[in-house]
Amino acid sequence: MSLPSFVKATPPASGPVPDWSELQQDLLVGIFSKLELPDLVYAGAVCMPWRLSYLAVRRFGLCSPNQSPYLVYSSGDRDTNTATLHNLSTDKKYHCSLPDPPFRSRYVIGASHSWLVTIDEQCNLHLLNPITRDQISLPPARTMTGLSPRFTGDGILSGYYIDGLCLKHKRSIPRDPRVFYETEFARLHLYKKAILNADPSRGDFTVLLIHRPAEHLSFVRSGDTKWTWIDANEHCRLYEDFFYDEDDRLFYAIRGTGEIHTIDLSGPSPVVNVILKPVSSVVIGTRYILRAPWGDILYVFRNYGPLPPEALRELDIEESEEDDSEVDEIVVHKVDFAKQKIRKMKHLRDHALFIGFNRTFMLHTKDFPNLRPNCVYISDDNTSSIFCSPLSGRKMSCLNLGDGTLTDMWFSDSLLHWPPPIWFRPSC
């Protein structure tokens, strides 16, 4: 097997060729701990001594904390089982051969803790690590509240009935007439976004899912055989984004009105508390939430295209003289829980912000020179557009919060738009 690209092996003009497998383990561990995770995994496949050093780095959490962000997509010049990981910092591309179902057949609605949350053509969810190739199947879609499969006379799944969910009575309510989606469209309509609270390769984990109708929440823990719908109170709907805080072990979720909830899934029943009251009567566009590296919780508003005048006024956005229906409106706010208000921000302390289907995250640009400070990196997560035109072009762009300039990002002529490309940041 040839050596990975980070090893510069130039043997002398005469004499024996070095045996790289005989490098001391402490030296290898020191080298491996500075690598990007894809290079680290490749290095671990070179020979058994390197494999042992790789395992030591992973076991003791010695990987470099400065892992670059990637765009994950399917390439037209590769087979259907291959995912391309495009490093935004180095422009290097990794082509990862993955297990079935084919990557190009999946819908990807989440990325966190080195794992993608994917949906197969039968509407079932799978966790997929594109670097290690590990895969975990989650409980089938038919175990979700309000979802009923329909089969043909030959016993083949044809699609799902998607019923309404009543929080007041804590049960599903069949619509009249019942709403049926063929499998091809059921996954596009049903699922909005998903995150994990931990790396499944390290032990127990929880997956939290936003789904329709009405953007409810359901979750599954490792070992569960079915999905659990969160029906803690009548406000547990219209969710748009969330994150997990490892310090207080709570999920933070934001609704379409800007209302923020904490969700405790550590006990026998979910506990939901309101920590920010609604800040907007305008339920338009989408919202993201994250904890910034310096500790503040940030509220990010995004509208797919221009906003009506009343929304501009309420959201404190300056009206543009240009009429460009392709330009998203994006505003970043800091949340003041004491005053129950949000305050508009015009800079990100030299960080870059990544929004889309991924877990919303920020990186300091001093660690990644090719990233632009105080900019928002945008991928396309407009589920309404994806439902109507799943194979249409998906745009990736970069918005400078300082001067408002929007730059389209180009990655490769072979980039395909299904599944929708997603930001991804690996972790050890």
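Is C123 buried or exposed? With a relative accessibility of 0%, C123 counts as buried. This report describes a predicted model, and the sections below take up its cysteines, one of its sheets, its charged pairs, its rings and some features of its backbone.

## Cysteines

The structure contains zero disulfides. For C123, the closest cysteine sulfur is that of C388, and the 17 Å between the two sulfur atoms is too far for a bond. C375 is likewise in no disulfide, and its nearest cysteine sulfur, that of C398, lies 4.0 Å away. A disulfide requires two cysteine sulfur atoms within 2.5 Å. C375 counts as buried, because its relative accessibility is 3%.

## A four-stranded sheet

Strands β17, β18, β19 and β20 form an open sheet in the order β17-β18-β19-β20, and their pairing is antiparallel. The edges of the sheet are β17, residues 239-245, and β20, residues 271-276, each of which pairs on one side only. On average, neighbouring strands of the sheet are turned by 25° against each other, with direction ignored.

The pairing of β17 with β18 can be followed in detail. Strand β18 covers residues 250-255, runs antiparallel to β17 and is joined to β17 by six bridges. One of the residue pairs is D245 with L250, where L250 in β18 is the bridge partner.

Although L238 is not a glycine, its phi is positive, at about 60°. L238 counts as partly exposed, because its relative accessibility is 26%.

## Salt bridges

How many salt bridges does a search of the whole structure find? The search finds 12. Three of them are listed here, with the distance between nitrogen and oxygen.

| Salt bridge | N to O distance |
|---|---|
| D241 and K193 | 2.8 Å |
| R212 and E215 | 3.1 Å |
| D245 and R291 | 2.7 Å |

The salt bridge between D241 and K193 links distant parts of the chain, since D241 belongs to strand β17 and K193 to strand β13 (residues 191-196), 48 residues apart. Both D241 and K193 are buried.

D245 and R291 also meet through their side chains in a salt bridge. This pair, too, links distant parts of the chain: D245 is in strand β17, R291 is in strand β21 (residues 286-291), and 46 residues separate them. D245 counts as buried at 7% relative accessibility, whereas R291, at 33%, counts as partly exposed.

## Aromatic rings

The count of aromatic pairs comes to 15. In one of them, the ring centres of Y244 and F251 are 4.8 Å apart and the ring planes stand at 55°, so the pair is tilted. F251 counts as buried, because its relative accessibility is 2%. Elsewhere, ring pairs link F354, F361, Y377, F411 and W423 into a cluster.

Two arginines are placed over aromatic rings. R150 lies over the face of F180, 3.6 Å from the ring centre. The charged end of R178 sits over the ring of Y161, at 4.4 Å from the centre of that ring.

## Backbone features

Where do cis peptide bonds occur? One of them joins D100 and P101, with omega about 0°. P101 is placed in the loop between β3 (93-97) and β4 (107-112). Another cis peptide bond joins R212 and P213, with omega about 5°. The loop that holds P213 runs between β14 (206-211) and β15 (216-221).

S114 is a residue other than glycine with a positive phi, near 75°. S114 occupies the loop between β4 and β5 (115-119). With a relative accessible area of 1%, S114 is buried.

Methods: Residues numbered from 1 in each chain as written. Predicted model: local features only at pLDDT ≥ 70, side-chain atom pairs only at ≥ 80, totals over all residues. Heavy atoms only, no water. Buried < 20%, exposed > 50% of the residue type's maximum accessible area, 1.4 Å probe, protein only. Pairing = 2+ DSSP bridges. Helix = DSSP H or I, 4+ residues; strand = E, 2+ residues; numbered from the N terminus. Axes fitted to C-alpha atoms, helices over the stretch in contact; angles between N-to-C directions. Phe/Tyr/Trp six-rings, centres within 6.5 Å; stacked < 30°, edge-to-face > 60°. Lys NZ or Arg CZ within 6 Å of the ring centre and 35° of its normal. Salt bridge = Lys/Arg side-chain N within 4 Å of Asp/Glu carboxyl O.
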